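Please walk me through the structure below, one feature at a time. I would like the general idea of each feature and then the case at hand.

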Amino acid sequence: METILNWAGTMAIYLPVFIFSSSFFILAERRLNKGQKGKASLFMEIGILALCILATLRSDAVGTDVEIYAKPTFKSISQGSSLFLTGAAVQVDFGYAFLAYVSAKLFNSFRVFLFLTEFCILAPIAACAMKNQKNASAALTMILYMLMYYLMGFNIMRQSIAVSFLMLGYFYWQEKKKFKTLLNVIISFLFHGSVVIMLVMLVVILRISRMPSKLKRNLILTAIATALALVAMQWERIMSWAMYDAGLLPTKYAIYLTIFSGNDRSSELFRMGGWEWPEYAIRICNVVLPLVYTYKKRLKSNELLLYRYSSYASLLIYSWVFLTLKTNYGYRLVMGLDYMNCFYFATLVSKASSRNKGSRRKYTISTGEMAAGLYALCYWFLIYFYFGMHEVVPYTIAA
């Protein structure tokens, strides 16, 4: 009964904000379809502002990493005099330390720190959705992100910012704006060093998806899958070499080597609580359902090919970590690819309903969009409420 009451109370907070933000995302799309980019940006900002406020007002118990590194980082930088020294002392990336420094020294407020963190996650995603309007509904893209990955940002804050800026860099690359592409990639790296791995994966997937030969693409995917299987047999030796001999990985990752090699089974990263397999099944659905939809609608486009291979790669890499290391922590490696799901699903249903920029003056909801929204809503409930991932339920307001 207590669990049901917690769920009901949390839904009573989350859902009104989600509905409010969704309304403004739809208004933004209407303005985009009319070519009114200024008003569209304003409505999009109002939509993400509501989500930022919701993130700001949460208590420190909402989101696992708030107590683990967000609050300690803020406190350390508040008490220090130098951004560089205190940032290095708490061992956080420079971009995140800078946000903490601004929040502490200019506003002396941890709530401002949470607000700026959430804004840095959402603003790049909103910009991507607007840039991608010619291929997919910007409103649907934002609604899918809000339901599927927004609450994850309450926990995985630094990496969420990094992935968001990396996504924006990708869309600038599509527009052939090299300087803005490089700038966003650099910003993403300043918030989380692991973005280098995501960048390499994205570049490889781009190259594969652009190959004209389907046979060659499938052969390369098979070769990658085989290589991962071989690496699985010697992963400890390879990781140790990458850290201590080649210097490719920072030595702080030694803790993961200790944990995943089975030498520290007390770590929460190693525990399998019973919900990991159902969560893995949902990841499989993220790949299979779009394939079924694509086959039925006979959809083809370069964008869909990229997103499809991103979903393949995400499942392949996650499966390797899940089955080899016996942990669900692989989601940290594939966050950038997972974010692509929002654009993938939105592009699928938009292609099927022939929605392109300026093609409709009135916003109507197609059957495909309704199905995508319901799927994301089920994902939201299962991942965050039923499985309790990222500790964002129950939602409590800061004192």
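Predicted model: local features only at pLDDT ≥ 70, side-chain atom pairs only at ≥ 80, totals over all residues.

Q: How is a pair of aromatic rings described?
A: A pair of aromatic rings is described by the distance of the centres and the angle of the planes. Rings of Phe, Tyr and Trp (its six-membered ring) pair if their centres lie within 6.5 Å; planes under 30 degrees apart count as stacked, over 60 as edge-to-face and the rest as tilted. A search of the whole structure gives 38 aromatic pairs. In one of them, Trp7 and Tyr386 are tilted, with 6.3 Å from centre to centre and 55 degrees between the planes.

Q: Which parts of the chain does the pair of Trp7 and Tyr386 tie together?
A: Helices (H or I, at least four residues) and strands (E, at least two) are DSSP runs, numbered from the N terminus. Trp7 lies in helix α1 (residues 2-33) and Tyr386 in helix α17 (residues 367-386), so the pair ties together parts that are 379 residues apart in sequence.

Q: Is Tyr386 buried or exposed?
A: Buried means under 20% relative accessible area, exposed over 50% and partly exposed in between (1.4 Å probe, protein chains only). Tyr386 has a relative accessible area of 54%, so the residue is exposed.

Q: Why is the pair of Tyr14 and Phe18 classed as it is?
A: Their ring centres are 5.9 Å apart and their planes are at 15 degrees, so the pair is stacked. Both residues lie in helix α1, four residues apart, which is about one turn of the helix. Tyr14 and Phe18 are both buried. They also belong to one aromatic cluster, whose members include Trp7, Tyr150, Phe154, Trp380 and Tyr386.

Q: What does it take for a charge to sit over a ring?
A: NZ of Lys or CZ of Arg must be within 6 Å of the ring centre and within 35 degrees of the ring normal. Arg58 lies over the face of Phe154, at 4.4 Å from the ring centre. The charged end of Arg283 is over the ring of Tyr318, 4.1 Å from its centre.

Q: How many salt bridges are there?
A: A salt bridge is a side-chain nitrogen of Lys or Arg within 4 Å of a carboxyl oxygen of Asp or Glu. The structure holds seven of them. In one, the closest N and O atoms of Arg158 and Asp93 are 3.0 Å apart. This pair links distant parts of the chain, 65 residues apart: Arg158 is in helix α8 (residues 157-174), and Asp93 is in the loop between α4 (83-89) and α5 (94-107). Arg158 is buried at 13% relative accessibility, and Asp93 is buried at 15%.

Q: Which residue forms a salt bridge with Asp338?
A: Asp338 meets Arg283 in a salt bridge of 2.9 Å, N to O. Here too distant parts are linked: Asp338 is in helix α16 (residues 335-352) and Arg283 in helix α14 (residues 276-297), 55 residues apart. Both residues are buried.

Q: Where does Lys177 form a salt bridge, and how accessible is it?
A: Lys177 pairs with Glu175, the closest N and O atoms being 3.5 Å apart. Lys177 is partly exposed at 37% relative accessibility, and Glu175 is partly exposed at 33%.

Q: How many residues of helix α7 are buried?
A: Eleven of the eleven residues of α7 (residues 138-148) are buried, so the helix is largely enclosed by the rest of the structure.

Q: With which side chain does Asn341 make a polar contact?
A: A polar contact is a pair of N or O atoms within 3.5 Å; within protein, one must be able to donate a hydrogen and the other to accept it, and residues adjacent in sequence count only if both atoms are side-chain atoms. The side chain of Asn341 contacts that of Tyr149 at 3.0 Å. Asn341 is in helix α16 and is buried, at 5% relative accessibility.

Q: How many disulfides are there?
A: A disulfide is a pair of cysteine sulfur atoms within 2.5 Å. By this rule the count is zero. Cys128 is buried, with a relative accessible area of 0%, and Cys342 is buried at 1%.

How values were computed. Residues numbered from 1 in each chain as written. Heavy atoms only, no water.
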